[in-house]
Amino acid sequence: MRICGIDEAGKGPVLGPMTAAGVAAEDEHAFRGMGIKDSKQLTPKKREQLYTDITESFDWHVVIKTPQEIDQRPGTMNDFTASLHAEAASALRPEKLILDACDVNADRFGVTVLEKTSLPKEKWPKEVISIHKADAVYEIVGAASIVAKVTRDRIIGELNEEYGKEYGSIGSGYPSDAVTVAFLREYIRRHGQAPACARTSWQTVKDLLGAAGQRRLDSFW
């Protein structure tokens with residue numbers, strides 16, 4: 001039976017893309033002994049090593065959505081996330097699908113993913129498991145988590161190189177990261193707009209743009 005695990009990375013950050021990855025195998029226990037677990041519990045070096053092992057040994061598919069695509073999404077972030085999972089599932093065509101649900105209603109998330117696939121109903125997976133923290137329960141989802149996380153981390157590394165020469169580090173990209181907020185504040189101060197790598201629909205960016213606009217207005221008067 002062809003089994004696929006899917007997870008995403010970068011749902012909450014204010015900078016950079018959101019990624020989702022699917023990893024497929026004929027046996028969900030094929031990942032035993034590899035040291036796979038929730039990607040957040042692994043060091044960057046270990047994630048990179050496992051990324052290579054996974055992508056060289058199993059079928060996989062990655063979906064990358066830019067900040068602009070995230071900003072322009074038609075529905076909620078949960079709905080948008082389901083569409084990424086659906087895209088990965090459509091590419092890998094599993095008979096059994098295991099999802100790391102981001103919706104508070106895990107079963108509803110599974111149904112939404114199925115409905116968003118490009119597969120005809122008769123080609124839908126025969127079994128769908130949609131639970132919270134699936135990456136900590138199923139190694140195949142943990143593998144997908146690693147692929148999604150490493151893909152996003154590499155892009156953040158490229159953005160750090162792009163902007164770092166002029167602004168220093170952009171940080172992790174999370175709104176809670178003081179380095180990220182400092183980068184955004186300085187970029188907006190210089191240019192009067194957010195950088196292309198930022199999600200302008202995020203409140204962090206809206207607040208910084210609003211504060212910068214108020215400062216310019218105060219200086220005018």
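This is a predicted model: local features need pLDDT of at least 70, side-chain atom pairs count only at pLDDT 80 or more; totals for chains, interfaces and linings use all residues.
Helix 1 passes helix 5 in a left-handed crossing.

**Where helix 1 meets helix 5**
- Helix 1 covers residues 44–57 and helix 5 covers residues 139–167; the two pack at an angle of about 120 degrees, with their axes 9 Å apart.
- On the helix 1 side, the contact residues are Arg47, Glu48, Leu50, Tyr51, Ile54 and Thr55.
- Helix 5 brings residues including Ala143, Ile146, Val147 and Val150 to the contact.
- Sort the contact by class and you get seven nonpolar, two polar and five charged residues.

- Five strands make an open sheet in the order 3-2-1-4-5, and the pairing is mixed.
- At the edges sit strand 3 (59–65) and strand 5, each pairing on one side only.
- On average, neighbouring strands here are turned by 15 degrees against each other, ignoring direction.
- Strand 1 (residues 3–9) runs parallel to strand 4, joined by four bridges, and Ile3 stands opposite Lys96 of strand 4.
- Strand 1 is also joined to strand 2 (residues 18–25), this time antiparallel and through seven bridges; there, Ala9 stands opposite Thr19.
- Helix 5 turns up again here: it packs on the sheet, touching strand 1, strand 2, strand 3 and strand 4, and its direction makes about 35 degrees with that of strand 1.

**A closer look at strand 4**
- Strand 4 spans residues 96–100, and five of its five residues are buried.
- In a regular strand, side chains alternate between the two faces of the sheet.
- Strand 4 pairs in the parallel sense with strand 5 (residues 127–131) over five bridges, and Leu97 stands opposite Val128.

**Cys197, a residue in a loop**
- Look for Cys197 in the loop between helix 6 (178–191) and helix 7 (203–220).
- Is Cys197 buried or exposed? It counts as buried, because its relative accessibility is 5% and the cut-off for buried is under 20%.
- Cys197 touches Val14, Leu15, Gly16, Pro67, Leu159, Tyr163 and Phe183, leaving aside residues up to four places away in sequence.
- Cys197 and Thr66 are 131 residues apart in sequence, yet their C-alpha atoms are 8.0 Å apart in space.

Methods: Residues are numbered from 1 along each chain as its sequence is written. Side-chain values use heavy atoms; hydrogens and water are left out. Buried means under 20% relative accessible area, exposed over 50%, partly exposed in between (1.4 Å probe, protein chains only). Two strands pair if DSSP finds at least two bridges between them. Axes are lines fitted to C-alpha atoms, for helices over the stretch in contact, and angles run from 0 to 180 degrees between N-to-C directions. A crossing is left-handed if the near helix is turned anticlockwise from the far one by less than a right angle, and right-handed if clockwise. Contact means heavy atoms within 4.5 Å. Ala, Val, Leu, Ile, Met, Phe, Trp, Tyr, Cys and Pro count as nonpolar, Asp, Glu, Lys and Arg as charged, and the others, Gly among them, as polar.
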